[in-house]
Amino acid sequence: MHPPGVAAVSTIPSLDPAADPAAAERTAAELPAPPAPHRLSDVVPAPRQVQPDPTEAWVLAAEAVIVASADPAALAVAAQLAELLRPATGYPLPVTDATTPDPAGGIALVLDETADLGTEGYRLDITTNGVRVTAVTATGLFYGVQTLRQLLPPAIESPVPVTEHWALPGGTITDAPRFPYRGAMLDVARHFFAVEDVLRVIEHLARYKLNHLHLHLTDDQGWRIAVDSWPKLTGVGATTEVGGGPGGHYTKADYRRIVSYATARHITVVPEIDLPGHTNSALVAYPELAPDKIAPPPYTGTEVGFSYVDPADERTYEFVADVLGEVAALTPGPWLHIGGDEAFKVKGEVYTGFVERAQRIVAGLGKTVVGWHQLAPAGHEDGRVLQWWGTNGEDPTTADAVRRGARLILSPGNHAYLDMKYASDTPIGHDWAGLIDVRKAYDWDPGTHLTNVPGEAVLGVEAPLWTESVTSLADIELLLLPRLPAIAELGWSPRETHDWADFRDRLAAHGPRWATAGTTFHRAPEIPWPTTPAVPTIPEQRHPEQADTTTG
């Protein structure tokens with residue numbers, strides 16, 4: 001995954017341009033101003049097709065109603081839309097259902113199985129008479145709602161009522177994703193993060209139409225998921241983290257809460273149990289899994305590659321089967337991630353033999369195995385997915401695995417690793433894969449990135465965030481934003497829409513949205529952020545979504 005990290009730094013620089021007027025002036029002087037707000041095309045990720053109609057426009061009125069198809073999933077999306085719009089507008093926005101929804105001046109969410117939109121696509125029609133979102137599935141409706149949300153003024157992110165002209169530009173957006181897998185990864189093993197922090201990350205993913213959250217649940221520094229059949233994994237193995245902090249873990253109820261919250265936002269959780277290396281926390285808890293059967297000391301550093309479970313002991317495979325079985329039972333999604341990288345002391349046929357047994361265990365649980373691309377030399381298991389994190393597009397071993405049937409998720413370390421610093425003075429993060437500013441995160445093509453790998457073998461993209469130097473939610477957000485929307489656009493938007501100058505301008509308009517919602521972000525100098533926010537920042541408050549952590 002990555003070489004050693006750097007010391008943790010928790011201080012975040014001010015995000016207010018007033019705190020650094022010279023930087024704000026430099027940005028304004030060097031970069032063009034963003035386009036006027038409220039163009040129909042001002043959406044991130046870029047939609048597949050936009051047809052503006054300057055003769056039409058719609059204004060959200062206080063008496064507006066949200067009407068949805070008489071289907072529980074459609075009504076759930078309608079309720080989410082109302083919850084998004086009520087705090088800032090102060091409007092009641094009642095939700096109702098109908099066999100044939102008609103906006104009648106409000107908003108209609110329509111399920112239409114005959115629409116040629118695919119399982120995640122949607123069509124958004126905006127006229128003077130109302131707004132209609134059409135989709136084949138509730139997932140498509142949900143993504144249409146995210147687009148509608150972005151087309152409203154930034155003040156819509158306010159947690160308290162504000163006075164605003166809630167207008168949308170007229171026209172039609174027809175949209176669907178390029179890749180089926182669009183995700184981000186959060187490492188909760190190096191530093192542990194509370195359930196509420198994970199839910200906040202889920203909200204960021206949902207806003208930009210990402211549909212997978214990969215949780216790195218185990219590593220040398222801590223074991224973060226309860227396993228009833230091996231209770232010391234959390235009783236002993238969860239009590240440490242990088243730097244010597246208290247660690248922590250998710251109970252099964254905690255994990256179910258995360259999964260439920262993600263599912264309600266059309267996001268699939270991908271749990272990772274890293275094997276056979278990155279297992280020091282498990283060996284501390286259960287020395288019988290160690291090659292020498294001696295418990296190692298707890299580890300709170302950032303080195304990698306020194307630990308591994310004993311591949312020659314049948315007890316190891318009982319452990320693997322028990323752990324993966326319990327995690328699979330908690331996880332409704334199709335994927336189980338088994339790690340597999342940086343097991344430097346398990347070599348050759350011993351390594352591939354271990355991987356092949358682990359893959360068979362996953363298949364026996366009715367799940368599809370995912371692993372880092374170091375799994376490539378092992379025998380192929382039907383449906384196997386490799387997550388590629390290299391920095392050089394020439395990888396014959398991975399290309400060979402693709403020829404044998406493997407599919408790929410692309411996470412190139414020098415483009416998609418969000419724990420890399422933006423610049424040399426970024427207060428947290430690493431630079432082993434290089435510095436990754438927003439343009440570098442954006443300017444690559446997942447479909448052609450790897451030599452001798454056809455585009456149809458690529459399931460999609462994922463942006464990992466490793467947390468050796470990340471200790472707080474503010475740290476997470478600083479590294480996620482504004483690069484996460486760049487990766488999201490690569491996963492969602494057609495390649496022909498790829499345009500750095502256009503993306504930069506569309507992204508700039510999200511600064512005021514994040515500020516209004518109380519979200520930390522990096523004011524990247526290559527983005528022409530508005531020099532004065534469109535709405536005032538509201539300090540020490542959180543968006544209603546951030547507070548709603550009790551329901552899924």
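1. A crossing of two helices is right-handed if the near helix is turned clockwise from the far one by less than a right angle. In this predicted model, the crossing of α2 and α3 falls in that right-handed class.

2. Helix α2 spans residues 72-89 and helix α3 residues 138-151; their axes lie 9 Å apart and form an angle of about 15°. That angle makes α2 roughly parallel to α3, because angles under 35 degrees count as such.

3. On the α2 side, the contact is made by Ala73, Ala74, Val77, Gln80, Leu81 and Leu84. Helix α3 contributes Ala138, Leu141, Phe142, Val145, Leu148 and Arg149. Sorted by class, the contact of α2 with α3 has 10 nonpolar residues, one polar and one charged.

4. Turning to the rings, the structure holds 20 aromatic pairs. One of them joins Trp230 and Tyr286, with ring centres 4.8 Å apart and planes at 80°, so the pair is edge-to-face; the cut-off for that class is over 60 degrees.

5. Which parts of the chain does the pair of Trp230 and Tyr286 tie together? Trp230 lies in the loop between β11 (222-223) and α5 (232-235), while Tyr286 lies in the loop between α7 (280-285) and α8 (314-330). The pair therefore ties together parts that are 56 residues apart in sequence. Both Trp230 and Tyr286 are buried.

6. A cluster of aromatic residues also deserves a mention: ring pairs link Trp372, Trp389, Tyr417, Trp432 and Trp466.

Terms used:
Residues are numbered from 1 along each chain as its sequence is written. This is a predicted model: local features need pLDDT of at least 70, side-chain atom pairs count only at pLDDT 80 or more; totals for chains, interfaces and linings use all residues. Side-chain values use heavy atoms; hydrogens and water are left out. Axes are lines fitted to C-alpha atoms, for helices over the stretch in contact, and angles run from 0 to 180 degrees between N-to-C directions. Helices (H or I, at least four residues) and strands (E, at least two) are DSSP runs, numbered from the N terminus. Angles under 35 degrees count as roughly parallel, over 145 as roughly antiparallel, 65 to 115 as roughly perpendicular and the rest as oblique. Contact means heavy atoms within 4.5 Å. Ala, Val, Leu, Ile, Met, Phe, Trp, Tyr, Cys and Pro count as nonpolar, Asp, Glu, Lys and Arg as charged, and the others, Gly among them, as polar. Rings of Phe, Tyr and Trp (its six-membered ring) pair if their centres lie within 6.5 Å; planes under 30 degrees apart count as stacked, over 60 as edge-to-face and the rest as tilted. Buried means under 20% relative accessible area, exposed over 50%, partly exposed in between (1.4 Å probe, protein chains only).
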